[in-house]
Amino acid sequence: MNKYVLGIDYGSLSGRTVLVQIDTGEVIAECTLEYPHAVMDTALPDGTPLGQDWALQHPQDYLDVLYTTIPTVLKDSGINPADIIGIGTDFTACTVLPVKADGTPLCFLPEFACAPNAYVKLWKHHAAQKYATALNEIAEARGETFLKRYGGKISSEWEIPKIWQILDESPEIYAAADYIVEAGDWIVWQLCGILGKNTCAAGYKGTWSAKDGYPSSDFYKALDPRLENCVREKLNFPIAELGKAVGGITAEMAERTGLKAGTPVSASIIDAHVAMPSAGITGPGQLLAIMGTSTCHILLSNEEHLVPGMCGVVDGGVYPGYYAYEAGQSCVGDHFAWFAEHCCPASYQQAANTQNKNLHAYLTELAEMLQPGESGLLALDWWNGNRSVLVDFDLTGLVLGMTLSTKPEELYRALIEATAYGTRMIVDNYVKNGVPVKKFVATGGISQKNAMAMQIYADVLNMPVYIADGKQGGALGAACFAAVAAGKEAGGFDSITEAAAVMGKQKDTFYTPIPEHVAVYETLYQEYTRLHDYFGRGGNDVMKRLKAMRTQIRG
């Protein structure tokens with residue numbers, strides 16, 4: 001009799017559930033729910049305004065994903081819930097929320113419904129940058145060794161700066177919170193009634209390590225005396241290992257979703273990292289680029305190297321037995337969406353409508369008729385700051401070479417090329433610091449939908465680009481971990497590498513570099529590198545000065 005698992009993927013704008021047959025990796029049914037509150041970056045639901053660089057979400061949306069998508073896939077598939085042997089989840093990170101001891105988010109309480117710091121801080125919430133900057137300065141001055149595991153800088157996207165912001169701006173909310181938790185751990189808590197800290201998010205975003213634990217209380221005290229007992233008071237719950245069952249579905253959740261009570265729920269994992277098994281990656285040297293609103297680059301290695309500008313290296317951070325490195329770009333799909341929404345004339349949208357195409361498809365068709373270098377444009381991909389290798393979210397975007405004859409499709413292609421240059425910068429940084437990259441695999445919506453972009457990446461990287469087979473890589477990866485949590489005896493697997501070998505897949509076709517394009521892009525990449533270092537490494541801080549001026553004027 002066939003056995004199945006559920007994978008539940010929580011992204012930036014939606015949550016999706018897939019039902020997967022274990023022995024084939026086939027997706028039997030799937031359902032997606034767009035978050036009703038989406039990303040709150042200007043105001044709360046009641047109209048309370050938000051400041052610059054805020055990005056919040058509403059935890060009710062996460063529950064609605066469970067209540068809507070799980071019953072739908074059960075109904076559509078007709079599968080007996082008793083044949084579902086495990087549930088896995090993944091989540092954007094660092095995405096944190098303050099909660100009470102019973103799991104109630106503080107924003108659910110009437111007294112905090114109008115308080116921004118009571119809501120979920122999404123991964124791309126960058127309003128904690130000043131706390132990250134101070135943290136890095138203090139950690140470096142103290143010689144904190146944990147900083148080297150993260151390329152020498154902690155990001156404003158991570159746990160400690162966001163917690164510090166809550167404390168500093170809203171001490172009453174910090175005091176009222178019994179825990180401050182990753183949203184991925186919170187949703188597992190809602191499913192099985194047990195709170196654990198998944199080792200992936202803890203290692204990459206919470207500065208925890210299996211060897212040393214969290215930074216010392218003295219370090220937290222050096223940041224702010226009120227933070228001295230932060231770990232003991234707000235983060236004091238057990239570690240949940242990847243591929244292990246945290247608990248079983250509660251009776252209440254079984255009734256709400258239609259699942260069988262007691263079905264194992266695996267520890268959550270970051271949405272980017274979870275895509276490795278679904279892409280069929282089972283060993284070192286294979287870099288996976290998870291391309292969506294942003295891009296995360298995950299790379300397995302047999303050795304630990306301290307790579308400047310990386311987001312982190314965690315022993316067993318994705319697969320047991322391997323060091324897993326993370327780097328990333330903060331603005332990729334968001335980059336292209338911004339341009340299509342704000343910079344295209346109405347005539348382009350009308351032409352796309354006439355041809356029954358969306359605007360991105362129309363722009364891509366026009367852009368792919370251009371030769372590399374034909375537009376005379378060069379862009380920096382920092383519309384949402386730089387995650388790697390500069391780790392500086394006060395940087396902003398730039399396009400060089402525009403004239404009165406510049407067309408929208410030329411700009412669109414230049415922005416795509418910029419993200420490819422940013423990826424090349426990350427790959428080169430790994431190789432230069434002793435971490436080999438032997439194969440490049442892409443997954444996510446862009447890899448599936450935009451052949452032009454993937455060819456550009458192959459040409460810029462000068463290496464083949466392989467594509468994971470499946471549009472729901474995150475959810476399928478979560479399903480792989482669910483199969484491991486269930487175990488071989490129940491019909492699953494004993495290791496994630498076994499699950500990846502059976503359930504993960506790559507397409508047979510791939511993108512090969514075009515030699516004449518490689519030569520042009522090598523020249524453009526060298527120019528990109530000069531701009532990258534000039535504006536990003538202190539040659540000219542005009543981007544930061546302009547951003548500071550905007551902040552001052554806007555208040």
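Biologist: Which element gives the largest share of the lining of the second largest cavity?

Modeller: That is H14, with 4 residues. Keep in mind that this is a predicted model.

Biologist: Which residues line the second largest cavity?

Modeller: Among them are Leu370, Gln371, Glu410, Arg413 and Leu524. By class, the lining has 4 nonpolar, 3 polar and 4 charged residues.

Biologist: How much space lies in the second largest cavity?

Modeller: About 50 Å³. The largest cavity has a volume of about 60 Å³.

Biologist: How many cavities of 30 Å³ or more are found in the whole structure?

Modeller: The search finds 4.

Biologist: Back to the largest cavity. Which residues lie nearest its centre?

Modeller: Gln329, Asp381, Trp382, Asn386 and Ser388, out of 13 lining residues. Strand E17, helix H14 and helix H19 each give two or more residues to that lining. The classes there are 3 nonpolar, 8 polar and 2 charged.

Biologist: Now pockets. What volume does the largest pocket have?

Modeller: About 1400 Å³. The lining of the largest pocket is made up of 45 residues, with Met291, Gly292, Thr293, Gly445 and Ile446 nearest the centre. Several elements give two or more residues to this lining, including strands E2, E14 and E15 and helix H17.

Biologist: How many of those lining residues are nonpolar, polar and charged?

Modeller: For the largest pocket, 14 are nonpolar, 20 polar and 11 charged.

Biologist: And what is the volume of the second largest pocket?

Modeller: About 1100 Å³. It is lined by 33 residues, and Asp41, Asp53, Trp338, Trp383 and Asn384 are the closest to its centre.

Biologist: Which element supplies the largest share of the lining of the second largest pocket?

Modeller: H11, with 6 residues. H20 also supplies at least two. The lining of the second largest pocket divides into 14 nonpolar, 11 polar and 8 charged residues.

Biologist: Different topic, the surface. Which residues form a nonpolar patch there?

Modeller: Leu546, Met549 and Ile553 do, with about 340 Å² of accessible area together. Met549 lies in helix H20, which covers residues 542–554, and H20 is one of the elements that line the second largest pocket.

How values were computed
Residues are numbered from 1 along each chain as its sequence is written. This is a predicted model: local features need pLDDT of at least 70, side-chain atom pairs count only at pLDDT 80 or more; totals for chains, interfaces and linings use all residues. Side-chain values use heavy atoms; hydrogens and water are left out. Patches are made of residues with over 30% relative accessible area and no salt bridge: like charges are joined within 9 Å, nonpolar side chains (Val, Leu, Ile, Met, Phe, Trp, Tyr) within 5 Å. Accessible areas come from the Shrake-Rupley method with a 1.4 Å probe; for residues, only the protein chains shown count as cover. A salt bridge is a side-chain nitrogen of Lys or Arg within 4 Å of a carboxyl oxygen of Asp or Glu. On a 1 Å grid over the protein atoms alone, a cavity is a set of points where a 1.4 Å probe fits but cannot get out, and a pocket is an open set with protein on both sides within 12 Å along at least five of seven lines; lining residues have an atom within 4 Å of a point. Grid points are joined across faces, edges and corners, and a volume is the space filled by probe spheres set on the points. Ala, Val, Leu, Ile, Met, Phe, Trp, Tyr, Cys and Pro count as nonpolar, Asp, Glu, Lys and Arg as charged, and the others, Gly among them, as polar.
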